[in-house]
Amino acid sequence: MHELGIVFHIIKTVERVGEENGLSAVSKVTLELGEVSGAIPRELIDCWNWAVRKSELLKGAELVIETIPAVTLCESCSQTYETVRYGRICPNCGSDLTYLVQGNEMNLKEIQAC
Amino acid sequence: MDKVRIIEIRESVFADNDREADRIREGLKRDKTFLLNLMSSPGSGKTTLLMRTIEALKNEFDIGVMEADIDSSVDAEKIAKTGVRSIQLHTGGMCHLDAGMTEQGLKEIGASDLDLVILENIGNLICPADFDTGAVRNAMILSVPEGHDKPLKYPHIFTVCDVLIISKIDVMPYFDFDLEKVREYALMRNPKLEIFPVSARTGEGMGAWTEWLKTQVNEWNNGVKLLTE
């Protein structure tokens, strides 16, 4: 399961940050998730709630997901458009010379802890 | 009670794994060991292709194979018959290998005295693409029955690979598979991709692929660029 692997990596990183900063409990972790990153928010949260129970530092911590909208740039007409709505073909000029400029992110933004 | 504070991290979820993978590559360079990460769908003919590749290169290099699977040791047993060192890695339900698991495998197989280690990743076109294993090169296999539209459906894996092996080309006449289309779609995702159409069964195209691999291993291990005939 893809989301579980991602959750394990987030927990590992937060545990490292916790050690570096002498934290005793983490209450909230904020993740920036691109709309087309391939991970499903609901699945991430399910995996998260199960996995944090096994961590001393993260027990009961909440996972907050902030969505980054996916935007595609068309090389032919230099305009950007919503990726999820229009896909790979530019809705303005019909070109397929397009690439994703944002929406693939999976970034650990910040944690709330004491 | 301690004061609650916010700590900014602002880095990719995969950043720790990427750093670990870079460390693995440094170790491989020191030990003169080339690690190939081989990815594909289940049933693409990975194990068969691997066996033919080993036959072609085993006189040249000391080879090891790490078979990653969720469970079972069917593939490692098959590979063991070729006479090379092989181990089975179980991911315990996970859909991919990460750098940490790869490092454990390299230790277990004793990679430092091998020239070439091939990691047969979990059969999956999505998750393995996100996790750098520390391999020197990434290769993927796409078999003819899977269809030529895979680069459109799973674009990410095509962008992280150095090589695309199109396998089972001997059955092309029976499938609606367009070799030119797959080339076009794959190169659109990754213009630097090397593409080798092969049939492990008839041997067609296998020479070009194994020659490429041989050159890569020699360049990494010895820093020598061999002239291809």
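How do the residues of the lining of the second largest pocket divide into nonpolar, polar and charged? The model is a predicted one.

1. The second largest pocket holds about 240 Å³ of space. It is lined by 13 residues, and those closest to its centre are B:Gly27, B:Leu28, B:Asp31, B:Glu103 and B:Leu106. Two elements of chain B, α1 and α4 (99-109), each give two or more residues to this lining. The most comes from α1(B), with 6 residues.

2. The opening question can now be settled. The lining of the second largest pocket has 4 nonpolar, 4 polar and 5 charged residues.

3. In the largest pocket there is about 1,200 Å³ of space. Its lining has 48 residues, and A:Leu100, A:Asn104, B:Pro155, B:His156 and B:Thr159 lie nearest the centre. From chain A, β5 (98-102) and β6 (106-113) each give two or more residues to the lining.

4. Which element gives the largest share of the lining of the largest pocket? It is α6(B), with 5 residues. By class, the lining of the largest pocket has 21 nonpolar, 15 polar and 12 charged residues.

5. Within chain A, helix α1 (residues 2-20) and helix α2 (residues 41-51) cross at roughly 55°, and their axes come within 9 Å. These two helices are therefore oblique to each other. Their crossing is right-handed. On the side of α1(A), the contact residues are A:Glu3, A:Leu4, A:Ile6, A:Val7, A:Phe8, A:Ile10 and A:Ile11. Those of α2(A) are A:Glu43, A:Leu44, A:Cys47, A:Trp48, A:Trp50 and A:Ala51. The contact of α1(A) with α2(A) has 11 nonpolar residues, no polar ones and 2 charged ones.

6. Within chain B, helix α2 (residues 46-57) packs with helix α8 (residues 206-222) at an angle of about 65°, and the axes are 10 Å apart. Why are α2(B) and α8(B) called roughly perpendicular? Angles of 65 to 115 degrees count as roughly perpendicular, so α2(B) and α8(B) have that relation to each other. The crossing of α2(B) and α8(B) is right-handed. In this contact, α2(B) supplies B:Leu49, B:Arg52, B:Thr53, B:Ala56 and B:Leu57, while α8(B) supplies B:Met206, B:Trp209, B:Thr210, B:Leu213 and B:Lys214. By class, the contact of α2(B) with α8(B) has 6 nonpolar, 2 polar and 2 charged residues.

Conventions
Residues numbered from 1 in each chain as written. Chains lettered and ligands numbered in written order. Predicted model: local features only at pLDDT ≥ 70, side-chain atom pairs only at ≥ 80, totals over all residues. Heavy atoms only, no water. 1 Å grid on protein atoms, 1.4 Å probe; cavity = no way out; pocket = protein on both sides within 12 Å on 5 of 7 lines; lining within 4 Å. Points joined across faces, edges and corners; volume = space filled by probe spheres on them. Helix = DSSP H or I, 4+ residues; strand = E, 2+ residues; numbered from the N terminus. Nonpolar A, V, L, I, M, F, W, Y, C, P; charged D, E, K, R; others polar. Axes fitted to C-alpha atoms, helices over the stretch in contact; angles between N-to-C directions. Parallel < 35°, antiparallel > 145°, perpendicular 65-115°, else oblique. Left-handed = near helix turned anticlockwise from the far one by under 90°. Contact = heavy atoms within 4.5 Å.
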